[in-house]
Amino acid sequence: MLTSFTPSSVAAALLWVVDGSTKQGVQRHASFERAGPGVSDLDPSDDHLPWDGRVFADIVNQMVSFVVLIAINPLLNWSEVVMRLDDDSFRVGSRAALRVLTDTLIEGLQGRPFPVSLLYRKWNHQCCVDLVETLLTMASADPRLNSAVLRAVHPAMTICPDVLLLALFQIPVNFPPITSIRQHIFQVLIPAIIIQHPNAVSVLNIGWNTDVLPRKVVHNSILSAFVSLYMKPPEDQQKLARILDIAHELKPGGLAELFSSSQLQFIVDLGCLASKRDYLKLEKWLEDKLQEHGQPLIKTVLCHMERRLPSTGSANSLPVETFSVLLAFVRNHLPMVAPAIRQQYTALTEQLKDMQRILSCWILVDQLFCMDLPWQLISVKEHLIDIILRIIFLAIAVGFPYRRQYSSL
Ligand SMILES: *[C@@H]1O[C@H](CO)[C@@H](O)[C@H](O)[C@H]1NC(C)=O
């Protein structure tokens with residue numbers, strides 16, 4: 001136990017002492033002294049903590065100089081203690097707690113100047129919930145303040161959108177309510193976080209599982225951010241992959257809820273990508289969605305195939321396996337669709353046949369020149385190459401003297 005006077009252990013003790021301002025801390029302390037005097041002094045409604053910071057620091061310093069003497073511990077550096085207070089349990093909930101904290105540090109430093117610069121460095125565990133809550137309260141009390149509040153949070157939206165979003169997820173709904181300003185910030189921040197922030201999954205999961213806001217509202221905000229991101233402009237496969245990654249990590253049920261979107265173009269594209277990753281069986285998924293959406297789904301699938309023919313060579317073209325599943329799905333349901341959709345299907349299959357013809361010509365040429373042929377055809381191939389080479393040489397031989405003749409004139 002004597003070896004435990006490190007900056008971290010002293011900071012941990014100090015965090016516990018300062019957190020005594022919460023009910024839990026006080027009760028824990030009171031239980032130690034239940035029968036003894038002074039229990040009435042521990043009433044949490046009193047702005048009073050059962051600790052004296054100066055005594056705490058004094059005892060720590062005395063203990064430290066003792067263990068330094070017997071060479072167990074290096075001297076305690078109180079600046080390091082201040083740095084270790086950067087912990088997510090760090091709460092200074094009352095004036096009394098602040099007094100205990102400052103008394104402890106001033107006594108601990110033993111007359112050395114307070115390391116103010118350590119307070120201004122970047123802290124890892126700071127969440128400006130109170131400040132954001134105050135701003136939201138102001139905006140909801142007087143809508144004329146909306147633009148001023150937006151101006152105030154704007155720097156945070158660009159510098160630390162994750163921290164701001166986390167704060168918005170933690171401010172209860174009763175007061176201030178989910179006002180248009182909170183919705184507005186959600187609409188800006190959530191897509192920005194989804195598209196490129198490294199903390200996207202962890203921050204969005206906190207919102208997804210919120211206990212202080214109506215979950216439906218938060219879920220809808222997140223889901224509509226996914227859809228609107230995809231639609232501006234649609235079919236960017238890189239963006240779609242990012243959307244799929246994050247929705248798949250939203251637990252529980254993020255991806256399933258996203259698939260219940262009514263934006264059919266989006267869910268068909270997402271379903272194709274998800275099947276490529278083995279998140280779902282495309283055939284079964286299409287049948288389930290057909291129950292839900294009916295004929296419009298078939299039309300969407302047809303348009304999707306038209307836009308993304310497999311052999312157009314662009315990055316946008318569908319893998320052949322996915323394409324054939326979609327094609328079979330539409331073919332199986334042709335009897336139930338309107339004539340216009342049937343015509344669209346026929347036109348698509350004609351187009352595919354043309355493509356296939358061109359494709360098979362190319363394959364023939366390719367085989368002739370590049371692939372191993374059966375022995376009966378080897379001589380044909382060699383003859384063909386021989387004839388072509390002869391024609392080229394003849395052309396050069398015939399053309400060359402003429403050119404010399406003309407140039408000498
Ligand atoms: C105490 O820690 C601070 C912060 O790490 C450091 O800047 C300072 O030099 C240390 N002081 C001593 C005496 O080691």
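1. Ligand shell. By class, the residues around the ligand in this predicted model comprise 1 nonpolar, 2 polar and 1 charged. The residues in question are N77, S79, E80 and M83.

2. The side chain of N77 places a polar atom 2.4 Å from a ligand oxygen. For E80, a side-chain N or O atom is 3.2 Å from an oxygen atom of the ligand.

3. Ligand cover. On its own the ligand has 360 Å² of accessible area, and the protein covers 32% of this.

4. Fold content. The protein chain contains 20 helices and 0 strands. Of its contacts with a separation of 6 or more, 70% are between residues 24 or more positions apart.

5. Burial and surface. The protein chain has 409 residues, and 36% of them are buried. Its accessible surface is about 24300 Å², with 61% belonging to carbon and sulfur atoms.

6. Confidence. The mean pLDDT of the protein chain is 82, and 79% of the residues score at least 70.

7. The pLDDT is below 50 over residues 23-45, a stretch that has 13 contacts in the model beyond near neighbours in sequence.

Notes. Residues numbered from 1 in each chain as written. Predicted model: local features only at pLDDT ≥ 70, side-chain atom pairs only at ≥ 80, totals over all residues. Heavy atoms only, no water. Near = heavy atom within 4 Å. Polar contact = N/O pair within 3.5 Å; in protein donor to acceptor, adjacent residues only side chain to side chain. Areas by Shrake-Rupley, 256 points an atom, 1.4 Å probe, with all protein chains shown as cover. Nonpolar A, V, L, I, M, F, W, Y, C, P; charged D, E, K, R; others polar. Helix = DSSP H or I, 4+ residues; strand = E, 2+ residues; numbered from the N terminus. Buried < 20%, exposed > 50% of the residue type's maximum accessible area, 1.4 Å probe, protein only. Contact = heavy atoms within 4.5 Å. pLDDT = per-residue confidence, 0-100.
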